[in-house]
Amino acid sequence: MKKLLLLGDEAIAQAALDAGLSGMYAYPGTPSTEIMEYIQSSEDASFRNVHRSWSANEKTAMEAALGMSYAGKRAMVAMKHVGLNVAADGFINSAMTGVNGGLVVVSADDPSMHSSQNEQDSRFYGKFALVPCFEPSSQQEAYDMIFDAFDTSEKYKLPVLLRITTRLAHSRASVLLKEIIPEKKLCMPPDPLQFVLLPAIARKKYKGLLSSYEALKYEIRISKYNSFKDGSKRGLGIIACGIAYNYLIENIGEGNNEYPILKIAGYPFPKDLIADLTSRCEEVLILEEGAPMIEEALRGILDEGIKIYGRLDGTVPRDGELNPSIVARALGLPVSYGEDVPSVVRMRPPSFCKGCGHADMYNSLNEAIKPYGPGRVFSDIGCYTLAALPPYNAIYSCVDMGASVTMAIGAADAGIFPSVAVIGDSTFTHSGMTGLLDAVVKNSAVTVIISDNSTTGMTGGQQSHATGRLEQICEGIGVAHDHIRVLIPLRKNHEENVRIMKEEFEYKGVSVIIASRECIQTATKRKRSETSGD
Amino acid sequence: MKSDIILSGVGGQGILTIAATIGLAAVANNLFLKQAEVHGMSQRGGDVQSHLRLSDKPVSSDLIPYGKADLIISVEPMESLRYLPWLSKNGWLVTNSNPFINIPDYPSIDDILNEIKKVKNHIIIDADTIAKEAGAARAGNIVILGAASGFIDMSFESLENSIRQLFKRKGEEVVESNLKALRAGSEFSGK
């Protein structure tokens with residue numbers, strides 16, 4: 001069988017293709033982006049014509065994947081952890097409707113917030129929705145799990161959550177491939193009311209969901225990833241979830257038989273596995289990447305049982321991703337720290353690329369807004385968020401996709417004037433358009449600057465749904481034609497751009513300024529591929 | 001056999017090409033390998049690093065523990081110092097001498113080089129000049145890999161082969177200039 005050197009993300013994508021995937025749906029988001037990108041560049045996917053284009057946001061991706069599943073085919077949807085908040089309505093209710101073709105939902109968490117605004121743990125969503133959840137510890141396990149995830153999904157007629165974290169998503173290892181499973185044939189759901197969540201139907205379906213969650217605890221496809229290995233010493237038992245297991249083995253060695261160890265990588269897990277471990281030892285150490293989910297469950301409210309070490313008592317830091325040294329300390333093993341970082345080393349935060357259009361837009365914005373004072377610019381999620389840092393110090397919010405527009409509305413309602421939103425083109429079509437409709441209907445005094453670089457920049461230049469459509473969209477939503485201003489953010493246009501911004505700030509209604517210039521990275525890439533004829 | 005390597009630099013400087021070259025060679029040598037990369041926000045001119053672990057036994061952790069790296073390969077001098085907590089007592093530090101200055105408070109290069117010289121085992125190489133002399137101005141990263149090649153427990157030929165494999169698509173000329181860059185780096189360290 002073939003062996004490939006793959007990122008965790010790529011292993012998941014390859015597995016889905018090998019498991020008979022018919023449709024892949026996603027919105028770009030670090031650390032999940034490479035899943036869709038791998039499928040888009042796969043010759044096999046192209047030959048089979050697997051659906052593989054980006055969606056407007058995670059919610060539309062989730063629902064389209066559910067539609068593919070409705071038609072009896074295997075579908076996968078991938079997103080970063082905060083994307084699952086956007087897709088949550090569809091996700092939670094897909095557990096209620098159940099699926100027809102297998103449906104796998106990949107959520108890539110980002111503990112330590114390398115590229116995110118929080119470090120929420122998607123495993124809670126699995127429990128919340130009452131669906132199976134897999135948490136691979138390695139690239140190979142991620143590959144293998146996808147097959148079991150699709151089978152489990154079809155057996156229980158449930159969507160299955162695959163939770164990964166940055167470290168697995170963006171780490172490469174060799175992966176042994178399995179035999180390819182053919183795609184499923186088109187077939188309608190046998191029950192025509194399966195996807196109709198009218199209350200009377202939903203109540204019945206919820207009872208079914210509750211009982212299937214109990215049955216899942218004994219499902220072999222899940223429980224085979226939860227393994228208990230007894231140890232010679234009866235002092236400390238260890239529970240390690242997902243990738244935390246690797247850090248444990250790094251420290252104690254593959255063949256260590258000292259500690260009783262329970263590895264958890266499939267949820268829900270049965271009580272007897274935990275009881276088996278705790279009955280054999282005096283104390284338990286719990287290692288989880290992300291939130292202390294198992295630890296909280298074990299402690300309960302009273303925390304009067306067996307002595308537990310974990311993130312809640314400070315044995316492991318409460319926040320941030322794990323690493324082998326943190327786990328060594330938790331085990332009481334020595335940590336061999338090298339030399340300290342010399343004081344001469346400075347921070348090197350990310351910054352705008354040389355020649356970036358966002359930078360020119362912010363130079364004009366900073367000058368135009370200066371007379372009104374600070375605190376009036378709300379922003380959003382993308383490269384342009386970097387303007388919160390010096391030397392720009394230009395924006396005062398970055399909360400969630402689309403929040404710039406709606407926070408500007410609320411601030412204007414409260415009396416802040418002018419109230420300005422800065423949002424990227426892809427973020428605008430992801431979640432900014434509905435907010436703009438609110439503004440139009442209420443005639444809010446807001447200026448929305450769409451910093452249009454014609455791509456989804458921060459994640460590496462994926463297609464933007466907004467490209468070539470922004471003016472039409474804004475007019476369609478109802479922004480007055482005269483207050484949709486288009487400018488080119490270049491230094492030579494600075495004076496004129498400042499003037500346009502000032503004019504629109506003074507307008508007591510909704511205006512949109514589209515500052516449009518292609519991302520310097522995608523432009524360079526495009527020119528290079530045009531000249532080399534790729 | 002075990003080689004734990006930290007690659008460091010600034011987003012866009014090509015550390016992943018170094019990683020891919022070593023990775024291909026490791027696969028050809030039937031070694032186990034894990035390589036943690038940085039994608040996303042930091043790639044926009046921020047500090048980036050990659051943990052590369054090669055071994056003849058399965059590798060557990062994707063990350064190298066503190067104090068256990070055998071080698072730091074850095075395409076930027078200040079960035080090479082950021083990872084000293086990972087370098088083992090007998091580890092080697094191989095770095096470019098040319099700073100990449102994209103922050104207003106970049107320290108004096110002499111101060112940086114002095115700190116690097118305090119590391120017991122170090123090689124400072126003017127990769128940009130050597131790359132130009134080799135007729136491969138853009139292959140400074142491969143020059144540095146060449147300079148570090150003696151500290152990676154794999155044959156030099158296997159690195160040459162992965163250069164051939166990696167750059168094949170870009171034509172024979174690019175392959176040859178990168179091979180020249182690799183050899184020039186290796187010769188520098190051999191002196």
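## A sheet in chain A

A:Phe378 stands opposite A:Ala421, a residue of strand 15 of chain A. This is a predicted model.

## Nonpolar cores

In soluble globular proteins, nonpolar side chains tend to be buried together. The largest nonpolar core in this model has 166 residues. Among those with the most contacts inside it are A:Ala16, A:Val104, A:Leu287 and B:Val143. Helix 1 of chain B (residues 15-28) gives the most to this core, with 8 residues. Domain 1 (3-221) and domain 2 (227-330) of chain A both give residues to the core, so it lies between them.

What does A:Ala16 touch, not counting residues up to four places away in sequence? The answer is A:Leu21, A:Met24, A:Met76, A:Val104 and A:Ile146. There is also a second, separate core of 50 residues. This second core includes A:Cys356, A:Ala403, A:Ala408 and A:Ala411.

## The place of A:Tyr156

A:Tyr156 is in helix 8 of chain A, which spans residues 139-156. Is A:Tyr156 buried or exposed? A residue is buried if 20 or more other C-beta atoms lie within 10 Å of its own. A:Tyr156 has 21 such neighbours, so it counts as buried.

Leave aside the neighbours within four places in sequence, and A:Tyr156 is in contact with A:Ser212 and A:Leu216. A:Ser212 is 56 residues apart from A:Tyr156 along the chain. Their C-alpha atoms are separated by 7.3 Å.

## Cis peptide bonds

A cis peptide bond joins A:Thr30 and A:Pro31, with omega about 10°. A:Pro31 lies in the loop between strand 2 (21-26) and helix 2 (33-40) of chain A.

The peptide bond from A:Tyr267 to A:Pro268 is cis too, and its omega is near 0°. The loop that holds A:Pro268 runs between strand 11 (266-267) and helix 13 (271-280) of chain A.

## Positive phi angles

A:Ser112 is not a glycine, yet its phi is positive, about 80°. A:Ser112 lies in the loop between strand 4 (103-109) and helix 7 (123-129) of chain A. With 16 other C-beta atoms within 10 Å, A:Ser112 is partly exposed.

A:Asn393 has a positive phi near 45° and is also a residue other than glycine. Where is A:Asn393 found? The place is the loop between strand 14 and helix 17 (403-414) of chain A. A:Asn393 has 12 C-beta neighbours inside 10 Å, so it counts as exposed.

Notes. Residues numbered from 1 in each chain as written. Chains lettered and ligands numbered in written order. Predicted model: local features only at pLDDT ≥ 70, side-chain atom pairs only at ≥ 80, totals over all residues. Helix = DSSP H or I, 4+ residues; strand = E, 2+ residues; numbered from the N terminus. Contact = placed C-beta atoms within 7 Å. Core = buried A, V, L, I, M, F, W, Y, C linked by C-beta atoms within 7 Å. Domains from an automatic or database assignment. Pairing = 2+ DSSP bridges.
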